[in-house]
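These are my notebook entries on one structure. I set out the look-ups in the order in which I made them.

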Amino acid sequence: MKVFFEKHTDDLILFFIFTGIVSLYSEFLTTPKTISGICLYLLLFYKHIILKRPFLKETNKKLLIFVGLFFLSLFVSAIFSEMPLYSLHWIKKSYWVSLPLGFAIISVGERALKVAFAGFVTIFVGNVFHFYFKAVRECHTLNPFSPHFVPDRNFTIYLGILLPFAVGSVLVFRNIFFKLFLLFNILLSFLLLFPIGSRGGYVVVFLIILLWIIFSLAILWKKGHKKSVVLITFVLLLILTGLGIKFRNHPKVKAAIQRGISPNGRDVIIKD
């Protein structure tokens, strides 16, 4: 057993990185989050204290940047959400799991990036379908364009964190069917976002698209991904424009627009 743990410590850490990310960003998986957090603390202690394996020696600047952006995305998504104090409180409760996730990614190295990316994309798809069918059950309609179709506002918190990974995956993964599947889920996520009437959610999505364009032009364009960059950017802008036109008369969207930047009248949006 000791030999097994010494040989497969990193593999176990990778497993709990995946389960930790998937459970951390879902409202329907709570027990795996607790188990993953505890196991990551124990495995990191075993690897670096008991086995005395180096920590920072196995990392690089890319991983540090990734982990930094990971925690930054938590903070930004909370600030721009419709209920910042509630969102920050939610992050505070989950921070004890986020912390070992960040250290675990640095500890294992670049293998952990692929696993983490897969976890973010997996729970993005899971959340899209979960919140859609949750809205169907509560609103008694399958039509996302119906004025009676209003998804749970918590979806905007998860969307702000997970959407960048979904958009990035469209470029990273080569399988055309997987790309189309992700684009379908991104479209469905926008369909869920608009009728919520969350101005913070609208701002987050706009910033993500804006940063995607800047990142694409600054880095990916130079690496020869010109066609992919133009196609993905065009599709995202086309989807947002089309949905904006379609939802312009939705009562929740109209209420959000009428409020502008004023903090007054929040009950107009929250009230069903």
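Is Thr9 buried or exposed? I found Thr9 buried, with a relative accessible area of 0%; buried means under 20% relative accessible area and exposed over 50%, with a 1.4 Å probe and protein chains only.

I note that this is a predicted model, in which local features need pLDDT of at least 70 and side-chain atom pairs count only at pLDDT 80 or more, while totals for chains, interfaces and linings use all residues. Residues are numbered from 1 along each chain as its sequence is written, and side-chain values use heavy atoms, with hydrogens and water left out.

I placed Thr9 in helix 1 (residues 2-24); helices are DSSP runs (H or I, at least four residues) numbered from the N terminus. Apart from neighbours within four places in sequence, Thr9 contacts Leu43, Tyr46, Lys47, Leu51 and Arg53, contact being heavy atoms within 4.5 Å.

I next looked up the largest nonpolar core, which has 60 residues. Such a core is a set of buried Ala, Val, Leu, Ile, Met, Phe, Trp, Tyr and Cys residues joined through side-chain atoms within 4.5 Å. Ile17, Tyr25, Phe124, Leu163, Ile186 and Phe190 touch the most other members. Helix 5 gives the most to this core, with 13 residues.

I then examined Phe190. Leaving aside neighbours within four places in sequence, Phe190 is in contact with Leu163, Val205, Leu236, Ile239, Leu240 and Leu243.

Note on methods: Helices (H or I, at least four residues) and strands (E, at least two) are DSSP runs, numbered from the N terminus.
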